[in-house]
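Please open the model in a viewer and keep the selection panel at hand.

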Amino acid sequence: MRKLCQWIAAAFPLWIVLGCGWAWFQPAAWTWFRPWIEPGLGVIMLGMGLTLRFADFAEVARQPKTVGAGVAAQFLIMPAAGWVVSKLFALEPALALGLILVSCCPGGTASNVICYLARANVALSVLMTMASTFAAIALTPILTKLLAGKVLPVDAWALFRSMVVVVLIPLAVGIAVNSAVGRTRSPERIRAWVHSIGPVLSVAVIVLIVGCIVALKKEFIAAAAVPLFVSVFVLHALGFGVGYGVMKLLRRNEAMCRTVSVEVGMQNSGLGAALATKHFAEFALAPVPAAISAVYHCIIGSALAAWWGRKAPKAE
């Protein structure tokens with residue numbers, strides 16, 4: 001059972017591509033999830049919280065420079081890339097807003113699986129995902145307002161409230177429950193079950209969110225095809241490439257370079273889609289970049305994992 005769950009989670013890119021393909025040809029099979037996008041994201045965050053313990057925060061404190069460098073790269077490289085790409089391709093306002101919003105989101109949970117396949121530092125990847133997710137509660141609204149506020153109206157306070165509801169509260173509940181499990185008679189058995197089922201549930205919900213957006217916005221995606229697909233691809237290519245390059249310039253070891261590359265390049269696209277759907281519903285194209293982002297970062301991440309996975313980084 002556990003191996004099957006691990007295989008399902010590791011095949012996340014495949015499910016994203018298949019789900020989007022199905023949603024494109026049979027939109028009616030996916031649009032029912034529209035009212036559940038935000039609650040679904042809360043479920044994902046709850047699942048992430050259930051894998052964390054208060055001890056994990058102590059681990060971040062033990063290596064603040066390493067984790068801090070990764071989180072700083074996340075919120076400097078991708079938002080800057082999102083803004084530059086939106087200007088470079090002269091995207092229409094709604095597309096630019098959606099692209100910048102997803103670029104200001106934290107790292108995605110799928111990055112941990114990609115780091116494992118790429119023979120990167122999985123423990124560091126988990127810590128960076130956790131730290132960037134908590135930092136995003138404040139940074140995502142602020143950066144989106146700063147970079148996209150001149151394109152279209154952005155209510156940073158409303159975005160912050162949503163981040164508290166769908167990110168902070170579910171994470172806090174999950175961490176509290178996981179800590180309480182530690183006081184039971186068989187904590188490891190319960191945690192093993194959660195660690196097996198949790199990623200599968202997260203994969204299923206993310207696929208539903210992305211597929212639903214594709215189904216709802218099919219006509220708009222088709223109309224904006226070239227600038228949309230090219231700009232989102234360039235955004236993630238910059239994330240992966242610049243993230244790796246900056247760590248190389250800082251003379252970090254190969255495992256960390258791979259880890260930061262994946263963490264920066266892979267965004268929490270489900271969060272971007274949920275925020276855009278709720279707060280920018282009047283702009284039909286705003287949630288679309290997040291949906292396309294989920295496909296691209298999975299494909300690029302999987303390709304890099306296949307390349308890097310052929311050779312373990314040298315011990316440094």
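**Annotated transmembrane regions**

Begin with the record: an unreviewed UniProt entry places the feature "transmembrane region" at residues 7-25, 37-55, 67-89, 95-117, 124-144, 156-181, 193-216 and 222-246. The coordinates themselves belong to a predicted model.

Select residues 67-89. Next, select residues 124-144, where the chain is 100% helix and 0% strand and the end C-alpha atoms are separated by 26 Å.

**The second largest pocket**

Which residues line the second largest pocket? Select C20, W24, V214, I221, F229, I292, V295 and Y296 to display its lining. The pocket holds about 160 Å³ of space. Colouring the selection by residue class gives eight nonpolar residues, no polar and no charged ones.

Now show helix 2 (12-25) and helix 15 (288-308), each of which supplies at least two residues of this lining. Helix 15 provides the largest share, three residues.

**A helix pair**

Finally, select helix 12 (residues 225-249) together with helix 13 (residues 254-265). Their axes are 7 Å apart, and the two helices pack at an angle of about 150°. Helix 12 is therefore roughly antiparallel to helix 13, since angles over 145 degrees fall in that class. Is the crossing of helix 12 and helix 13 left-handed or right-handed? Viewed in the model, the crossing of this pair is right-handed.

Key:
Residues are numbered from 1 along each chain as its sequence is written. This is a predicted model: local features need pLDDT of at least 70, side-chain atom pairs count only at pLDDT 80 or more; totals for chains, interfaces and linings use all residues. Side-chain values use heavy atoms; hydrogens and water are left out. UniProt positions are given in the numbering used here, feature names are shortened, and annotations may be inferred rather than shown by experiment. Helices (H or I, at least four residues) and strands (E, at least two) are DSSP runs, numbered from the N terminus. On a 1 Å grid over the protein atoms alone, a cavity is a set of points where a 1.4 Å probe fits but cannot get out, and a pocket is an open set with protein on both sides within 12 Å along at least five of seven lines; lining residues have an atom within 4 Å of a point. Grid points are joined across faces, edges and corners, and a volume is the space filled by probe spheres set on the points. Ala, Val, Leu, Ile, Met, Phe, Trp, Tyr, Cys and Pro count as nonpolar, Asp, Glu, Lys and Arg as charged, and the others, Gly among them, as polar. Axes are lines fitted to C-alpha atoms, for helices over the stretch in contact, and angles run from 0 to 180 degrees between N-to-C directions. Angles under 35 degrees count as roughly parallel, over 145 as roughly antiparallel, 65 to 115 as roughly perpendicular and the rest as oblique. A crossing is left-handed if the near helix is turned anticlockwise from the far one by less than a right angle, and right-handed if clockwise.
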